[in-house]
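Q: Could you walk me through this structure? I have not looked at it before.

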Amino acid sequence: MSIFIDLKKAFDTVSHDILIHKLNKYGIRGVANDWLKSYLSDRQQYLEYGDTSSSTQPISYGVPQGSILGPLLFLLYINDLSNALNVKVLSFADDTTIYFSDTNVKNLYNKANKEMKLLMDWLDANKLALNVEKTKYMIISPPKLKYSTTNLYVQINGQNIQQIGKNHNQTSLKFLGIYLDEHLTWKKHLQYVNNKISNTLFVMNKVKNFIPKFSLETIYYSLIQPYITYGILAWGQTINNDNNQIFLKQKRALRIIHKSPFNSHTDPLYKIYKILKAKDLYVQHALMFMVDYEKKQLPNSFANFFIHNRDIHPNRVTRQSNKIYITRPRNNFIANLPTTTIPQIWNSWTAEIIITKTNQSIKKQIRDTLSNKYLKEVKCDNSFCRQCNSQITRD
């Protein structure tokens, strides 16, 4: 279960006294603490409407928004939330989620309600307020798993929290820019990405005859590829066939950039513009994630996230020793999780990647290896093929 917490005016309700006290506990003392105290104090605010302005009033709560220090100070303010709860906490600025699991759905709800009481005690002590109407929860499970939640509720101060799911008013939720649903099908997010790409393709198609190719290429890298790559480690395994809508739209974008016919082969274009296919972008990001993992360059939360074969059989050194140990998935739901698909990709590439190289050179090697296979897949259509590839130019 994941509970998505929404705080009322989170940045505006931070107590300066509590924040300064916490900073002192974190080791920010003396001159540094006095400097931050001075930074927060003696600030004024007023309201201006038309030609009328209110009188100024002192600000005794809140951290300055729109500043570099604002989000950092807020994170330090709520950093000890995890100490007050018995579950895992995921925080990014004021987006906070708590998550936990249980094999029994009734125990899951009992645990949720106990944690909500602890959460409210912590919020009251830190002078923060919860927006119950916007706080929601989701039970993430395989589609075929059947369970009953009749007469089971997650409550805060006697008020029910809205559940997200296919049998409820809301079927998905946007969390840190990615749409989640209870079965992690990513359908809503894929639709969202498709719509964003379609809007850009419409504009590109309208202006393709008036601007050069390099400008169209810039539009692609600015307004299409970021939507494809954002969060791709979570949902990228869905791009597993050539009929995927994101892949088809990516091909259309390349035809527009190169001003090619609507039915022309795109593999040479991927090669020319050094753009990876959507499914290969997932492979590249998965491999670079594992490179960072092997080099211990990921956050501490990922330490010992995977187990190597050498850890299972320390006295038996084989060619498989450096590969990630993957347990056999019990069902398709687990088989499609990043914890399964990413290690599978890594295991198929371990012989090709020299981990001692720089990340930049490894990334280039992965891109070149993936893109080199594109021309081999081309079937001649009298426009583009290996024999007549010389007809294709970038300019």
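This is a predicted model: local features need pLDDT of at least 70, side-chain atom pairs count only at pLDDT 80 or more; totals for chains, interfaces and linings use all residues.

Q: Which charged residue sits over the ring of Tyr-77?

A: That is Lys-22, whose charged end is 4.6 Å from the centre of the Tyr-77 ring.

Q: And what lies over the face of Tyr-179?

A: Lys-188 does, at 5.4 Å from the ring centre.

Q: Staying with rings, how many aromatic pairs are there in the whole structure?

A: A search of the whole structure gives 13 aromatic pairs.

Q: Which residues form an aromatic cluster?

A: One cluster is made up of Phe-289, Tyr-293, Phe-302, Phe-305 and Phe-306.

Q: Changing topic, how many helices and strands does the chain have?

A: The protein chain contains 16 helices and 13 strands. Its C-alpha trace spans about 75 × 70 × 50 Å along the principal axes.

Q: What share of the residues is buried?

A: The protein chain has 395 residues, and 41% of them count as buried.

Q: One more: what share of the contacts comes from residues 24 or more positions apart?

A: Among contacts in the protein chain with a separation of 6 or more, such residues account for 64%.

Conventions. Residues are numbered from 1 along each chain as its sequence is written. Side-chain values use heavy atoms; hydrogens and water are left out. Rings of Phe, Tyr and Trp (its six-membered ring) pair if their centres lie within 6.5 Å; planes under 30 degrees apart count as stacked, over 60 as edge-to-face and the rest as tilted. A charge sits over a ring if NZ of Lys or CZ of Arg is within 6 Å of the ring centre and within 35 degrees of the ring normal. Helices (H or I, at least four residues) and strands (E, at least two) are DSSP runs, numbered from the N terminus. Buried means under 20% relative accessible area, exposed over 50%, partly exposed in between (1.4 Å probe, protein chains only). Contact means heavy atoms within 4.5 Å.
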